[in-house]
Amino acid sequence: MQTTPLDIEHEFRAILAPDSIRAATAADAVCGVQPRLVLEPSNEQQLAAALRLANDANLAVVPRGGGTKLSWGNPPSRADVILSTSRLDKIIEHPWADLTVSVEAGCTIEKLQSALAQHGQRLALDPLWPEHATLGGVLSTNDSGSLRLRFGSLRDLIIGVTLALPDGTLASSGGKVVKNVAGYDLPKLVTGAFGTLAVITRAVFRLHPLPRNSKTLSISGCNLEEMQRLILTVQDSKLAHTSLQARIAQDAEPVVDILFEGTEAGIAAQEAQLRELARPALATEAQSAVWTTSQELWSSARSGAVAKIATLPSAIARTIETVQRATGSGKTHWKLTMQPTGIGWLRLGGAPENLRAPLSDLRSELEHNGGSLAVFHHPVWMPPLETWGQPGDALPLMRAVKNQFDPKNTLNPGRFVGGI
């Protein structure tokens, strides 16, 4: 007979505080799969011990931070226990003169940024829902926004990590300094692994100064070809822009946004150069709210699907034309935000039965051209569509890494690429 969470509940209670364990409710379901228990350890040692108990009992564990991206990925093949990092929310150390910070995985992005701002610093990261998203969840999903263009992705910002492995081991890698080349690079390995290898308990990040001034400009009055040319021209120029994005909606001309940060004189000089590069398109000052466009695509996601697109930077216009062809039946409507790196968010609206075909067609064409499409949200009644698409030739290596870290398939089973 298979062990259930309730069979070893008394063992969990022996290592956790009385208020750290409860029965799971319908609100704790993961993509429709109902767990039995929710555990909220108070520290790393408790979390590691609880994970070891679950692993020994062959229970499936779903790590959870703020829960903002818990619906991303495939439904888990099993989900017995939710292991929450909500109580691991401390900023452990901020040696501000070294431009680094050590923080527990359950700390929200907003809480961390607020503390760093007191010393004129920031984690140069702008993920979705920063008021609720935790560092551990953002790392696990490798979520990043428009600041990625200037400062790199999370793999460029993280310099150390502590992990709870399924056997209860607490493993650390990296350090507290920006330059560190010793040992196996666990920080980069677990970033974007969707919690399938280990549970992140704390991380160390490199920081950047807060800008003195900032200014956002929006460029309109161009078609797709001109938009593509403008993006590549700006990227090839000597402009020191912080962010760049294109916003495109069905039956509307594209708009390109650009963010400058620095001194007033420096921003003014950059703006003058941009206006010359953008001619004859018009550049006007815009509100900083344009940088939350990707998040706004999710605000109405309940009535549609949301997918993450990846393509070549030189193929952004061609990708948008592919979207137009795939949705040409008139039964759907769409909005898209694209970064110059070729990463974008697509919201496709319409009746659930009309969404699968255009998403499938779009994925096929993107994959044929070396891109990808991952469907991170869709209506319940939409015909099934695998989240990730073709995994490519890296899947055997990914399976081998999974087997090395989690041989009993305890963590997030089935949720990642290829059913890992």
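**Sheet, helices and backbone exceptions in a predicted model**

The protein averages a pLDDT of 93, and 97% of the residues score at least 70; pLDDT is the predictor's confidence in each residue, from 0 to 100. This is a predicted model, in which local features need pLDDT of at least 70 and side-chain atom pairs count only at pLDDT 80 or more, while totals for chains, interfaces and linings use all residues. Residues are numbered from 1 along each chain as its sequence is written, and side-chain values use heavy atoms, with hydrogens and water left out. Over residues 177-183, pLDDT stays under 50. For this stretch the model has six contacts beyond four places in sequence (contact: heavy atoms within 4.5 Å).

Five strands form an open sheet, ordered 5-6-10-8-9, with antiparallel pairing. Helices (H or I, at least four residues) and strands (E, at least two) are DSSP runs, numbered from the N terminus. Two strands pair if DSSP finds at least two bridges between them. Strand 5 (91-93) and strand 9 (170-174) are the edge strands, each pairing on one side only. From one strand to the next, the twist averages 20°. Strands of a sheet pair through backbone hydrogen bonds, either parallel or antiparallel.

Strand 8 (residues 158-164) pairs with strand 10 (residues 199-206) over six bridges, in the antiparallel sense. Here Ile-158 stands opposite Phe-205, and Leu-163 stands opposite Ile-200. Strand 8 also runs antiparallel to strand 9, joined by five bridges. Val-161 has Ser-173 of strand 9 as its bridge partner. Strands 8 and 9 form a hairpin with five residues between them. Gly-168, in the turn, has a positive phi of about 95°. Strand 8 is mostly covered, with seven of its seven residues buried. Buried means under 20% relative accessible area, exposed over 50%, and partly exposed in between (1.4 Å probe, protein chains only).

Helix 2 (residues 44-56) lies across strands 8, 9 and 10. It runs at about 140° to strand 10; axes are lines fitted to C-alpha atoms, for helices over the stretch in contact, and angles run from 0 to 180 degrees between N-to-C directions. Ala-48 lies in helix 2 and is buried, with a relative accessible area of 3%. Not counting residues up to four places away in sequence, Ala-48 touches Ala-164, Gly-168 and Leu-170.

Helix 12 (residues 356-368) has 13 residues. From first C-alpha to last it reaches 18 Å, close to the 18 Å expected at 1.5 Å a residue; the expected span is 1.5 Å times one less than the number of residues. Pro-358, Leu-359, Leu-362, Arg-363 and Leu-366 are buried in this helix. They cover an arc of only 135° around the axis, which puts them on the same side of helix 12; the arc is that of the directions from the helix axis to the C-beta atoms. The cover over these buried residues includes helix 11 (316-326) and strand 19 (372-377). Just after helix 12, Gly-370 takes a positive phi of about 85°.

Most residues other than glycine have a negative phi, and most peptide bonds are trans. Trp-129 is not a glycine, yet has a positive phi of about 50°. It lies in the loop between strand 7 (121-122) and helix 4 (135-141), and counts as buried at 16% relative accessibility. Asn-142, also not a glycine, has a positive phi of about 55°. A cis peptide bond joins Arg-279 and Pro-280, with omega about 5°.
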